[in-house]
Amino acid sequence: MTQNSAEKNPVTLLGLGAMGTALARAWLAAGHPLTVWNRTPGRAAGLAGEGAKAVGGVAEAVAASGLVVVCLLDDASVGEALADVDLAGKDLVNLTTTTPAEARARAAWARERGARYLDGGIMAVPPMIGVPEAGGYVFYSGAEAVFEQHRETLAVPAGTTYVGEDTGHAALHDVALLSAMYGMFAGVHHAFALISKEGIDPVGFAPLLAGWLTAMAQGVHLTADQLRSGDYTQGVVSNLAMQVAGTPTFLSTAEQQGVSPELLRPYFDLMARRLAEAGGEEDLTGVVDLLLR
(Lines give C-alpha, C1' and ligand atoms only; values in the text may rest on other atoms or scores of the structure.)
Protein backbone atom coordinates (compact mmCIF):
# COMPACT_ATOMS: atom_id res chain seq x y z
CA MET A 1 0.00 0.00 0.00
CA THR A 2 1.09 3.58 -0.56
CA GLN A 3 2.27 5.95 2.15
CA ASN A 4 -1.05 7.80 2.29
CA SER A 5 -3.09 4.64 2.91
CA ALA A 6 -4.11 5.87 6.36
CA GLU A 7 -5.86 8.86 4.73
CA LYS A 8 -7.96 6.69 2.45
CA ASN A 9 -11.22 5.01 3.42
CA PRO A 10 -10.82 1.32 4.28
CA VAL A 11 -12.71 -1.13 2.08
CA THR A 12 -13.74 -4.74 2.59
CA LEU A 13 -14.17 -6.75 -0.60
CA LEU A 14 -15.95 -10.10 -0.68
CA GLY A 15 -15.28 -12.14 -3.81
CA LEU A 16 -12.07 -12.39 -5.78
CA GLY A 17 -13.00 -13.72 -9.18
CA ALA A 18 -11.61 -11.96 -12.23
CA MET A 19 -13.68 -8.82 -11.57
CA GLY A 20 -13.19 -8.85 -7.81
CA THR A 21 -9.43 -9.19 -8.19
CA ALA A 22 -9.36 -6.26 -10.62
CA LEU A 23 -11.36 -4.15 -8.17
CA ALA A 24 -9.02 -5.12 -5.33
CA ARG A 25 -5.90 -4.12 -7.25
CA ALA A 26 -7.41 -0.76 -8.17
CA TRP A 27 -8.16 0.10 -4.54
CA LEU A 28 -4.74 -1.10 -3.42
CA ALA A 29 -3.02 0.97 -6.09
CA ALA A 30 -4.94 4.03 -4.90
CA GLY A 31 -3.80 3.47 -1.31
CA HIS A 32 -7.01 2.21 0.29
CA PRO A 33 -6.59 -0.21 3.20
CA LEU A 34 -8.23 -3.32 1.84
CA THR A 35 -9.53 -6.42 3.58
CA VAL A 36 -10.43 -9.30 1.28
CA TRP A 37 -12.23 -12.60 1.58
CA ASN A 38 -12.82 -15.31 -0.97
CA ARG A 39 -14.36 -18.74 -0.67
CA THR A 40 -11.20 -20.15 -2.25
CA PRO A 41 -8.41 -18.83 0.03
CA GLY A 42 -5.67 -19.05 -2.59
CA ARG A 43 -6.91 -15.99 -4.46
CA ALA A 44 -6.95 -13.93 -1.28
CA ALA A 45 -3.44 -15.06 -0.41
CA GLY A 46 -2.17 -13.76 -3.73
CA LEU A 47 -3.51 -10.27 -3.01
CA ALA A 48 -2.03 -10.35 0.48
CA GLY A 49 1.37 -10.13 -1.15
CA GLU A 50 0.24 -6.89 -2.77
CA GLY A 51 -0.83 -5.28 0.49
CA ALA A 52 -4.34 -6.54 1.16
CA LYS A 53 -5.34 -8.07 4.48
CA ALA A 54 -6.64 -11.54 3.64
CA VAL A 55 -8.94 -13.11 6.22
CA GLY A 56 -10.43 -16.57 6.44
CA GLY A 57 -13.96 -15.68 7.52
CA VAL A 58 -16.68 -13.43 6.14
CA ALA A 59 -17.58 -12.07 9.59
CA GLU A 60 -14.00 -10.96 10.21
CA ALA A 61 -13.85 -9.32 6.79
CA VAL A 62 -17.12 -7.42 7.30
CA ALA A 63 -16.05 -6.25 10.75
CA ALA A 64 -12.88 -4.69 9.33
CA SER A 65 -14.50 -1.83 7.37
CA GLY A 66 -17.55 0.37 7.33
CA LEU A 67 -17.78 -0.03 3.55
CA VAL A 68 -18.34 -3.62 2.43
CA VAL A 69 -18.30 -4.33 -1.31
CA VAL A 70 -19.64 -7.65 -2.55
CA CYS A 71 -18.75 -9.13 -5.95
CA LEU A 72 -19.87 -12.75 -5.98
CA LEU A 73 -21.33 -15.17 -8.50
CA ASP A 74 -25.04 -14.44 -8.03
CA ASP A 75 -27.64 -13.25 -5.55
CA ALA A 76 -27.88 -16.66 -3.89
CA SER A 77 -24.13 -16.54 -3.22
CA VAL A 78 -24.53 -13.17 -1.51
CA GLY A 79 -27.26 -14.49 0.77
CA GLU A 80 -25.27 -17.59 1.60
CA ALA A 81 -22.03 -15.71 2.33
CA LEU A 82 -23.68 -13.11 4.58
CA ALA A 83 -26.38 -15.27 6.17
CA ASP A 84 -24.94 -15.29 9.69
CA VAL A 85 -22.90 -12.08 9.57
CA ASP A 86 -23.64 -8.99 11.67
CA LEU A 87 -24.26 -6.17 9.19
CA ALA A 88 -25.48 -3.57 11.66
CA GLY A 89 -24.03 -0.15 10.88
CA LYS A 90 -22.39 -1.28 7.65
CA ASP A 91 -22.71 0.23 4.18
CA LEU A 92 -23.20 -2.71 1.82
CA VAL A 93 -22.46 -2.15 -1.86
CA ASN A 94 -23.46 -5.12 -3.98
CA LEU A 95 -21.74 -5.34 -7.36
CA THR A 96 -22.95 -8.88 -7.99
CA THR A 97 -24.91 -9.28 -11.24
CA THR A 98 -28.59 -9.62 -10.29
CA THR A 99 -32.07 -8.89 -11.58
CA PRO A 100 -33.89 -5.71 -10.52
CA ALA A 101 -36.26 -7.77 -8.34
CA GLU A 102 -33.33 -9.50 -6.63
CA ALA A 103 -31.67 -6.14 -5.98
CA ARG A 104 -34.82 -4.74 -4.35
CA ALA A 105 -35.27 -7.84 -2.21
CA ARG A 106 -31.61 -7.77 -1.17
CA ALA A 107 -31.93 -4.10 -0.18
CA ALA A 108 -34.87 -4.94 2.10
CA TRP A 109 -32.90 -7.89 3.49
CA ALA A 110 -29.94 -5.60 4.27
CA ARG A 111 -32.14 -2.98 5.95
CA GLU A 112 -33.64 -5.65 8.20
CA ARG A 113 -30.10 -6.39 9.35
CA GLY A 114 -29.26 -2.77 10.06
CA ALA A 115 -27.19 -2.05 6.96
CA ARG A 116 -27.49 0.69 4.37
CA TYR A 117 -27.54 -0.71 0.85
CA LEU A 118 -26.41 0.32 -2.61
CA ASP A 119 -26.69 -1.85 -5.69
CA GLY A 120 -24.33 -1.70 -8.66
CA GLY A 121 -24.17 -2.82 -12.26
CA ILE A 122 -20.66 -2.97 -13.72
CA MET A 123 -20.40 -1.78 -17.32
CA ALA A 124 -16.85 -2.99 -17.87
CA VAL A 125 -14.73 -6.10 -18.22
CA PRO A 126 -11.86 -6.74 -15.77
CA PRO A 127 -9.08 -5.26 -17.95
CA MET A 128 -10.96 -1.93 -17.96
CA ILE A 129 -10.99 -1.67 -14.16
CA GLY A 130 -8.51 0.85 -12.79
CA VAL A 131 -7.90 2.25 -16.28
CA PRO A 132 -9.87 5.53 -16.56
CA GLU A 133 -9.20 5.96 -20.27
CA ALA A 134 -10.85 2.58 -20.95
CA GLY A 135 -14.24 4.17 -20.28
CA GLY A 136 -15.65 1.59 -17.88
CA TYR A 137 -18.21 2.67 -15.31
CA VAL A 138 -20.65 1.32 -12.74
CA PHE A 139 -24.34 2.09 -12.39
CA TYR A 140 -25.38 2.65 -8.77
CA SER A 141 -28.88 2.80 -7.33
CA GLY A 142 -30.40 2.79 -3.88
CA ALA A 143 -29.55 4.94 -0.88
CA GLU A 144 -28.24 8.21 -2.30
CA ALA A 145 -26.62 9.12 1.01
CA VAL A 146 -24.47 5.99 0.78
CA PHE A 147 -23.49 6.81 -2.78
CA GLU A 148 -22.53 10.40 -1.93
CA GLN A 149 -20.57 9.38 1.15
CA HIS A 150 -18.52 6.80 -0.75
CA ARG A 151 -18.54 8.34 -4.23
CA GLU A 152 -14.81 9.08 -4.25
CA THR A 153 -13.88 5.58 -3.11
CA LEU A 154 -16.30 3.89 -5.50
CA ALA A 155 -14.91 5.96 -8.39
CA VAL A 156 -11.40 4.50 -7.96
CA PRO A 157 -11.93 1.27 -9.98
CA ALA A 158 -14.27 2.80 -12.60
CA GLY A 159 -16.51 5.78 -13.25
CA THR A 160 -19.75 6.10 -11.33
CA THR A 161 -23.26 6.81 -12.62
CA TYR A 162 -26.03 7.13 -10.05
CA VAL A 163 -29.46 6.21 -11.48
CA GLY A 164 -31.79 6.81 -8.56
CA GLU A 165 -33.21 5.70 -5.23
CA ASP A 166 -35.02 2.68 -6.68
CA THR A 167 -32.55 -0.06 -5.82
CA GLY A 168 -33.45 -2.11 -8.88
CA HIS A 169 -32.53 0.54 -11.42
CA ALA A 170 -28.78 -0.18 -11.56
CA ALA A 171 -29.45 -3.81 -12.49
CA LEU A 172 -32.16 -2.71 -14.93
CA HIS A 173 -29.85 -0.24 -16.69
CA ASP A 174 -27.14 -2.90 -16.81
CA VAL A 175 -29.38 -5.57 -18.36
CA ALA A 176 -31.04 -3.11 -20.75
CA LEU A 177 -27.72 -1.99 -22.20
CA LEU A 178 -26.37 -5.52 -22.40
CA SER A 179 -29.59 -6.70 -24.08
CA ALA A 180 -29.08 -4.06 -26.77
CA MET A 181 -25.48 -5.22 -27.11
CA TYR A 182 -26.53 -8.83 -27.72
CA GLY A 183 -29.09 -7.69 -30.26
CA MET A 184 -26.34 -5.81 -32.07
CA PHE A 185 -24.06 -8.86 -31.94
CA ALA A 186 -26.85 -10.94 -33.45
CA GLY A 187 -26.96 -8.61 -36.44
CA VAL A 188 -23.17 -8.56 -36.69
CA HIS A 189 -22.98 -12.35 -36.72
CA HIS A 190 -25.71 -12.58 -39.35
CA ALA A 191 -23.83 -10.07 -41.52
CA PHE A 192 -20.57 -12.01 -41.29
CA ALA A 193 -22.40 -15.24 -42.06
CA LEU A 194 -23.82 -13.69 -45.25
CA ILE A 195 -20.39 -12.84 -46.64
CA SER A 196 -18.55 -15.91 -45.36
CA LYS A 197 -18.86 -18.03 -48.53
CA GLU A 198 -18.07 -15.27 -51.01
CA GLY A 199 -14.36 -14.81 -50.42
CA ILE A 200 -14.95 -11.39 -48.86
CA ASP A 201 -12.26 -10.66 -46.28
CA PRO A 202 -14.00 -10.24 -42.89
CA VAL A 203 -11.19 -7.95 -41.71
CA GLY A 204 -11.75 -5.68 -44.67
CA PHE A 205 -15.53 -5.80 -44.16
CA ALA A 206 -15.34 -4.99 -40.44
CA PRO A 207 -14.69 -1.22 -40.79
CA LEU A 208 -17.69 -0.90 -43.09
CA LEU A 209 -19.85 -2.74 -40.59
CA ALA A 210 -18.58 -0.76 -37.59
CA GLY A 211 -19.10 2.53 -39.40
CA TRP A 212 -22.64 1.61 -40.41
CA LEU A 213 -23.60 0.52 -36.89
CA THR A 214 -22.14 3.71 -35.44
CA ALA A 215 -24.22 5.80 -37.83
CA MET A 216 -27.39 3.82 -37.20
CA ALA A 217 -26.92 3.95 -33.42
CA GLN A 218 -27.93 7.60 -33.49
CA GLY A 219 -31.46 6.37 -34.17
CA VAL A 220 -31.90 5.56 -30.50
CA HIS A 221 -32.50 9.26 -29.83
CA LEU A 222 -35.42 9.41 -32.26
CA THR A 223 -36.87 6.24 -30.74
CA ALA A 224 -36.61 7.77 -27.27
CA ASP A 225 -38.32 10.98 -28.44
CA GLN A 226 -41.13 8.97 -30.03
CA LEU A 227 -41.63 6.89 -26.89
CA ARG A 228 -41.79 10.02 -24.74
CA SER A 229 -44.25 11.81 -27.01
CA GLY A 230 -46.29 8.75 -27.93
CA ASP A 231 -46.17 9.86 -31.58
CA TYR A 232 -44.46 7.08 -33.52
CA THR A 233 -44.82 9.00 -36.79
CA GLN A 234 -42.58 11.80 -35.52
CA GLY A 235 -39.50 12.31 -37.71
CA VAL A 236 -40.04 9.13 -39.75
CA VAL A 237 -37.66 8.73 -42.68
CA SER A 238 -38.42 5.16 -43.73
CA ASN A 239 -41.85 4.12 -42.52
CA LEU A 240 -42.94 0.73 -41.25
CA ALA A 241 -44.81 -0.23 -44.43
CA MET A 242 -41.71 0.42 -46.53
CA GLN A 243 -39.46 -1.53 -44.20
CA VAL A 244 -41.79 -4.52 -43.93
CA ALA A 245 -42.04 -4.61 -47.72
CA GLY A 246 -38.26 -5.00 -47.86
CA THR A 247 -37.94 -7.89 -45.42
CA PRO A 248 -38.47 -10.68 -48.02
CA THR A 249 -35.27 -9.56 -49.72
CA PHE A 250 -33.30 -10.12 -46.52
CA LEU A 251 -34.83 -13.55 -45.99
CA SER A 252 -34.29 -14.58 -49.62
CA THR A 253 -30.69 -13.42 -49.53
CA ALA A 254 -30.07 -15.45 -46.39
CA GLU A 255 -31.58 -18.53 -48.04
CA GLN A 256 -29.49 -18.05 -51.18
CA GLN A 257 -26.33 -17.62 -49.10
CA GLY A 258 -27.08 -20.72 -47.05
CA VAL A 259 -27.55 -18.70 -43.86
CA SER A 260 -30.23 -19.38 -41.26
CA PRO A 261 -32.66 -16.45 -40.81
CA GLU A 262 -33.32 -17.35 -37.18
CA LEU A 263 -31.64 -14.19 -35.85
CA LEU A 264 -33.70 -11.89 -38.08
CA ARG A 265 -37.08 -13.57 -38.49
CA PRO A 266 -38.46 -12.93 -34.97
CA TYR A 267 -37.92 -9.20 -35.38
CA PHE A 268 -39.37 -9.20 -38.88
CA ASP A 269 -42.43 -11.04 -37.54
CA LEU A 270 -42.92 -8.33 -34.92
CA MET A 271 -42.62 -5.65 -37.60
CA ALA A 272 -45.33 -7.36 -39.66
CA ARG A 273 -47.62 -7.64 -36.62
CA ARG A 274 -47.23 -3.97 -35.82
CA LEU A 275 -47.97 -3.06 -39.43
CA ALA A 276 -51.20 -5.07 -39.32
CA GLU A 277 -52.28 -3.48 -36.04
CA ALA A 278 -51.22 0.14 -36.44
CA GLY A 279 -50.78 0.90 -40.12
CA GLY A 280 -47.69 1.79 -42.08
CA GLU A 281 -46.91 5.43 -41.31
CA GLU A 282 -45.15 4.72 -38.03
CA ASP A 283 -41.45 4.14 -37.42
CA LEU A 284 -40.26 0.84 -35.94
CA THR A 285 -40.86 2.09 -32.38
CA GLY A 286 -44.23 0.37 -32.11
CA VAL A 287 -42.41 -2.94 -31.75
CA VAL A 288 -41.64 -1.84 -28.18
CA ASP A 289 -45.37 -1.93 -27.42
CA LEU A 290 -45.64 -5.47 -28.78
CA LEU A 291 -42.90 -6.63 -26.41
CA LEU A 292 -44.71 -5.35 -23.32
CA ARG A 293 -46.84 -8.03 -21.68
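Buried means under 20% relative accessible area, exposed means over 50%, and partly exposed lies in between (1.4 Å probe, protein chains only). This is a predicted model, in which local features need pLDDT of at least 70 and side-chain atom pairs count only at pLDDT 80 or more, while totals for chains, interfaces and linings use all residues. Residues are numbered from 1 along each chain as its sequence is written, and side-chain values use heavy atoms, with hydrogens and water left out.

**Salt bridges**

A salt bridge here is a side-chain nitrogen of Lys or Arg within 4 Å of a carboxyl oxygen of Asp or Glu. Side chains of opposite charge can pair when their charged atoms come close. The whole structure holds nine salt bridges. Three of them are listed here.

| Pair | Closest N to O distance |
|---|---|
| Arg106 and Asp75 | 3.0 Å |
| Arg113 and Glu112 | 3.7 Å |

Take Arg106 and Asp75, joined by a salt bridge. The pair links distant parts of the chain: Arg106 sits in helix H5 (residues 100–112) and Asp75 in helix H4 (residues 75–82), 31 residues apart. Helices (H or I, at least four residues) and strands (E, at least two) are DSSP runs, numbered from the N terminus. Both Arg106 and Asp75 are buried.

Asp91 is buried, at 5% relative accessible area. Arg116 is partly exposed, because its relative accessible area is 32%.

Arg113 pairs with Glu112. Arg113 is partly exposed, with a relative accessible area of 32%. Glu112 counts as exposed, at 66% relative accessibility. Elsewhere, salt bridges that share partners join Arg274, Glu282 and Asp289 into one network.

**The sheet**

Eight strands form an open sheet with mixed pairing, in the order E3-E2-E1-E4-E5-E6-E7-E8. Two strands pair if DSSP finds at least two bridges between them. Strand E3 (53–54) and strand E8 (159–162) stand at the edges; each has a single partner strand, so one side of each is left without a neighbour in the sheet. Helix H1 (residues 18–29) packs on the sheet. H1 touches strand E1 (11–14), E2, strand E4 (67–70) and strand E6 (116–123). Contact means heavy atoms within 4.5 Å. The direction of H1 makes about 165 degrees with that of E1. Axes are lines fitted to C-alpha atoms, for helices over the stretch in contact, and angles run from 0 to 180 degrees between N-to-C directions.

Strand E2 (residues 34–37) runs parallel to E3, and two bridges join them. Val36 has Ala54 in E3 as its bridge partner.

**Helices H7 and H8**

Helix H7 (residues 169–195) lies across E6 and strand E7 (137–142), at about 10 degrees to E6. The axes of H7 and helix H8 (residues 202–217) come within 11 Å and cross at roughly 145 degrees. In this contact, Met184, Val188, Ala191, Phe192 and Ile195 of H7 meet Pro202, Phe205, Ala206, Leu209 and Leu213 of H8. The contact has 10 nonpolar, no polar and no charged residues. Ala, Val, Leu, Ile, Met, Phe, Trp, Tyr, Cys and Pro count as nonpolar, Asp, Glu, Lys and Arg as charged, and the others, Gly among them, as polar.

Pro202 is in helix H8. Leaving aside residues up to four places away in sequence, Pro202 touches Phe192 and Ile195. Pro202 counts as partly exposed, at 45% relative accessibility.
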